[in-house]
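Hi,

Here is the structure I promised to pass on.

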Amino acid sequence: MSLCKDKHFRDAMNRNFIFCDIGARWGIEEPWKYYRNLIDVISFEPDQEEFAELDQKIEGQDRVLPYALSNEIHKATLNLTKNRGCSSLYEPNHTFLHRFPDEERFTVEKKEVIDATTLDNLYHQSIIRELDFLKIDVQGSELDILHGGRDFINDNILGIQIEAEFKQLYKSQPLFAEIDSDIREKFNFELFDIKKYYWKYKEGQYIGSSKGQVIFADALYFRDPYEFPKWCDRFSDTEAITKIVMACFMSILYGYHDYALCLLNQQAVIKRMGIEINNALKFSVRRDAQSIRYLFKGSGKISSLF
């Protein structure tokens with residue numbers, strides 16, 4: 001049975017899961033899209049044309065915010081490229097991009113001066129609150145956003161999906177090693193999955209295997225389940241139980257039923273939520289795990305959800 005129809009989970013979720021989509025062009029993706037009725041989405045999109053389109057498609061309690069996020073409050077330049085999905089606050093690095101096909105998609109067609117702010121600034125003003133998960137895909141500014149959201153992430157976030165490059169597609173952008181180190185050491189998250197993307201050099205574009213040089217990855221991080229009960233001490237009992245349930249929901253979406261069971265098996269978690277509710281949720285997790293699930297984007301698993 002899907003969690004969408006599972007009574008134990010729906011009863012335990014006293015609110016919808018709140019998903020924060022930073023770099024929201026083209027809208028919410030799988031696996032979140034499947035559970036859309038259980039998710040509220042807060043989107044950030046600084047490109048005003050794309051913001052207007054997203055704003056027309058909002059559902060329920062969703063919100064779209066027209067902010068560029070960074071590590072400080074300042075005026076920033078948004079480089080709008082031929083392929084708008086390549087737009088960035090960083091300038092394209094054509095010295096490297098020239099090695100590969102389709103370089104022209106990174107051509108900057110126009111520049112716009114915009115207001116950039118931080119997650120912490122929005123958090124302390126109560127413009128955002130109670131979020132559960134961050135998806136960050138902003139073409140080079142990922143580490144800046146993390147640096148500008150220390151309080152917000154530490155106080156709220158259960159998991160992060162982030163795009164990070166291994167090579168500089170944009171001039172002076174931070175790379176995967178620095179981003180990964182920051183998430184693990186500054187926020188105490190664990191790396192749970194990684195989906196790598198490859199580019200082939202122009203000279204061999206249509207020959208050999210589909211693999212080329214690894215260029216970037218989508219990396220998935222969760223809070224350490226063994227440290228989770230201690231992190232929950234900052235909340236009231238009701239809020240802590242909500243965060244535990246949301247963490248289980250998040251992990252099951254990505255196919256990590258073991259994470260949910262590990263979390264629910266912590267003695268501090270059992271004591272906080274009570275044995276009856278805890279056992280009911282464990283039963284729901286095990287039942288959900290009986291079907292083959294969609295895991296992380298691009299995992300290659302056949303999904304019973306589609």
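**Salt bridges**

Arg15, Asp132 and Lys243 are joined in a network of salt bridges. Keep in mind as you read that this is a predicted model.

Glu91 forms one with Lys171, where the closest N and O atoms are 3.7 Å apart. That pair links distant parts of the chain, 80 residues apart: Glu91 is in the loop between E5 and helix H3 (94-97), and Lys171 in the loop between strand E8 (159-165) and helix H7 (176-187). Are these two buried or partly exposed? Glu91 has a relative accessible area of 38%, so it counts as partly exposed, and so does Lys171 at 44%.

Then there is Arg234 with Asp155, at 3.1 Å from N to O. Arg234 lies in the loop between helix H8 (228-231) and H9, and Asp155 in helix H6 (residues 150-156), so parts 79 residues apart in sequence are tied together. Arg234 is partly exposed at 46% relative accessibility, and Asp155 is partly exposed at 26%.

**Helix H9 and the cores**

Helix H9 covers residues 237-253, and at 1.5 Å a residue its 17 residues should span 24 Å; the end C-alpha atoms are 24 Å apart, which agrees. Of those 17 residues, 13 are buried. Just after H9, Gly255 takes a positive phi of about 95°.

Which residues touch the most other members of the largest nonpolar core? They are Phe17 and Trp32, in a core of 39 residues. H9 gives the most to this core, with ten residues. Apart from it lies another core, of 31 residues, including Leu134, Phe176, Ala219 and Tyr221.

Leaving out residues up to four places away in sequence, the contacts of Trp32 include Phe17, Phe133, Met250 and Leu253.

E5 pairs with strand E6 (residues 108-117) in the antiparallel sense over eight bridges, and Thr77 stands opposite Val113 in E6.

Cheers

Key: Residues are numbered from 1 along each chain as its sequence is written. This is a predicted model: local features need pLDDT of at least 70, side-chain atom pairs count only at pLDDT 80 or more; totals for chains, interfaces and linings use all residues. Side-chain values use heavy atoms; hydrogens and water are left out. Helices (H or I, at least four residues) and strands (E, at least two) are DSSP runs, numbered from the N terminus. The expected span of a helix is 1.5 Å times one less than its number of residues. Buried means under 20% relative accessible area, exposed over 50%, partly exposed in between (1.4 Å probe, protein chains only). A nonpolar core is a set of buried Ala, Val, Leu, Ile, Met, Phe, Trp, Tyr and Cys residues joined through side-chain atoms within 4.5 Å. Contact means heavy atoms within 4.5 Å. Two strands pair if DSSP finds at least two bridges between them. A salt bridge is a side-chain nitrogen of Lys or Arg within 4 Å of a carboxyl oxygen of Asp or Glu.
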